[in-house]
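Please read it alongside the coordinates.

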Amino acid sequence: IGTGPITLADINEYGGIVVPSTVREAWLQKIIDNGGQGIGGDVELTPLAISIGSFGLSATTTIRTNGAIPAAVAELLLFGNAGRTGTAQDYVADDLALDMNATSTIALAYGRKLGIFPVGEFAVGVTGKYMIGHGMASLRDNGSTITSNPIAVNLDAPMVMTDTASSSFMNNGSGIGLDIGASWKVGNFRAAGVVKNVFNTFAWNTDQLYYVPITATFDQASSSSDVDTILPIASAPAGLRAALEARIKEATPQPTLVLGGAYTGFSRLTIAADVRTRFGEGLELGPQTQMGVGAELKLIPFIPLRAGVTAQSGGMRYSGGIGLEFGVVNFQASASLLSAEGRNDTAAGFTLSFGGR
């Protein structure tokens with residue numbers, strides 16, 4: 001979860017007291033320089049992940065959100081309609097945006113060694129997966145304004161969403177996909193490469209899309225709002241309908257290339273590095289390219305300590321973790337801080353596993 005360039009830590013620092021005007025001015029300038037205030041977060045749950053021999057089976061549900069608050073709205077929140085200058089101004093909130101989606105993936109994998117290289121151990125693997133789209137929504141500004149004469153707020157930010165009926169929420173899209181990979185081990189060096197979504201037929205069901213106008217008007221004399229009316233997509237104006245439908249159709253898995261290597265020649269230390277790039281925006285809402293290095297240190301054999309740094313589009317991610325490995329029962333915990341594109345995101349992960357390693 002994260003927000004930026006004004007972070008939750010910045011806001012908490014002034015909890016229960018009035019934020020000084022100099023601080024609000026500095027915050028607003030950061031938001032203007034960044035092109036808006038970003039917000040978002042992801043949740044990934046994997047209740048099942050099991051491997052037996054050369055086969056593996058997993059089930060994962062992922063919820064993704066990403067949005068932006070325009071600098072004009074931030075100025076109103078920080079200074080009121082008089083603005084930073086003390087004189088009422090006109091504003092346009094044309095960067096207001098929010099995207100959300102939820103999917104689940106059931107994957108079955110198979111891998112085996114191949115004796116095609118005279119040196120080292122070479123193996124290949126393939127993963128077939130079935131994806132289910134539970135729901136998706138996309139909101140974009142359509143001309144929201146705040147005027148000073150007369151003083152009025154005119155919100156126009158339509159949203160399109162998949163079917164919200166309980167009977168179909170669990171399946172608003174589906175498709176199958178394929179990942180392939182290979183690894184090579186020579187002595188203490190290991191290398192691997194994976195191409196995710198070599199093909200993927202996943203698509204959202206656009207036959208039952210719905211449209212929420214999300215309009216509101218506030219002025220000195222009256223107010224009106226429409227934020228909960230759910231209409232068939234056919235009710236939207238033609239141009240707006242095409243733009244909203246396109247965002248749903250484009251939110252599909254894109255091919256991703258991952259290359260990695262690790263060296264285990266030290267007695268207690270493992271060093272690893274990887275690079276990954278996604279070819280297109282698609283369903284994922286994160287960075288398209290990232291490169292990382294990391295290390296695992298086992299001063300105590302059953303307590304691995306891990307740290308890493310990743311360079312990605314627009315910033316850096318710093319991460320660390322610890323494990324408790326008792327053979328049959330293993331627990332892993334990790335945390336990371338992302339500073340990218342004016343945002344500071346924090347993340348935490350926990351894994352409990354049973355069985356062999």
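1. Two strands are taken to pair if DSSP finds at least two bridges between them. Strands (E, at least two residues) and helices (H or I, at least four) are DSSP runs, numbered from the N terminus. On that basis, strand 2 and strand 3 (residues 55–69) are antiparallel partners, joined by 14 bridges. Within this pairing, Leu45 has Thr61 of strand 3 as its bridge partner.

2. The model is predicted: local features need pLDDT of at least 70 and side-chain atom pairs count only at pLDDT 80 or more, while totals for chains, interfaces and linings use all residues. Residues are numbered from 1 along each chain as its sequence is written, and side-chain values use heavy atoms, with hydrogens and water left out.

3. Strand 2 and strand 3 make up a hairpin with two residues between them. In the turn, Gly53 has a positive phi of about 60°. Strand 2 (residues 37–52) also pairs with strand 1 (residues 2–4), antiparallel, through three bridges. Here Gly4 is bridged to Gly38 of strand 2.

4. An open sheet is formed by five strands in the order 4-7-8-14-15, with antiparallel pairing. Its edges are strand 4 (91–92) and strand 15 (223–226), each of which pairs on one side only. Within the order, strand 8 (residues 151–156) and strand 14 (residues 215–219) are antiparallel and share five bridges. Asn154 has Thr217 in strand 14 as its bridge partner.

5. Strand 19 (residues 289–300) is joined to strand 18 (residues 269–278) by nine antiparallel bridges, and Val275 is bridged to Met291 of strand 19. Strand 19 also pairs with strand 20 (residues 303–312), again antiparallel and over nine bridges. In that pairing, Gly292 meets Thr310 of strand 20 as its bridge partner. Strand 19 and strand 20 form a hairpin, with two residues between them.

6. In total, the protein has four helices and 23 strands. Its C-alpha atoms fill a box of roughly 80 × 50 × 30 Å along the principal axes. Of the contacts (heavy atoms within 4.5 Å) with a separation of 6 or more, 58% are between residues 24 or more positions apart.

7. Of the 357 residues, 32% are buried, meaning under 20% relative accessible area with a 1.4 Å probe, protein chains only. The accessible surface (Shrake-Rupley method, 1.4 Å probe) is about 19,600 Å², and 62% of this surface belongs to carbon and sulfur atoms.

Notes. Buried < 20%, exposed > 50% of the residue type's maximum accessible area, 1.4 Å probe, protein only.
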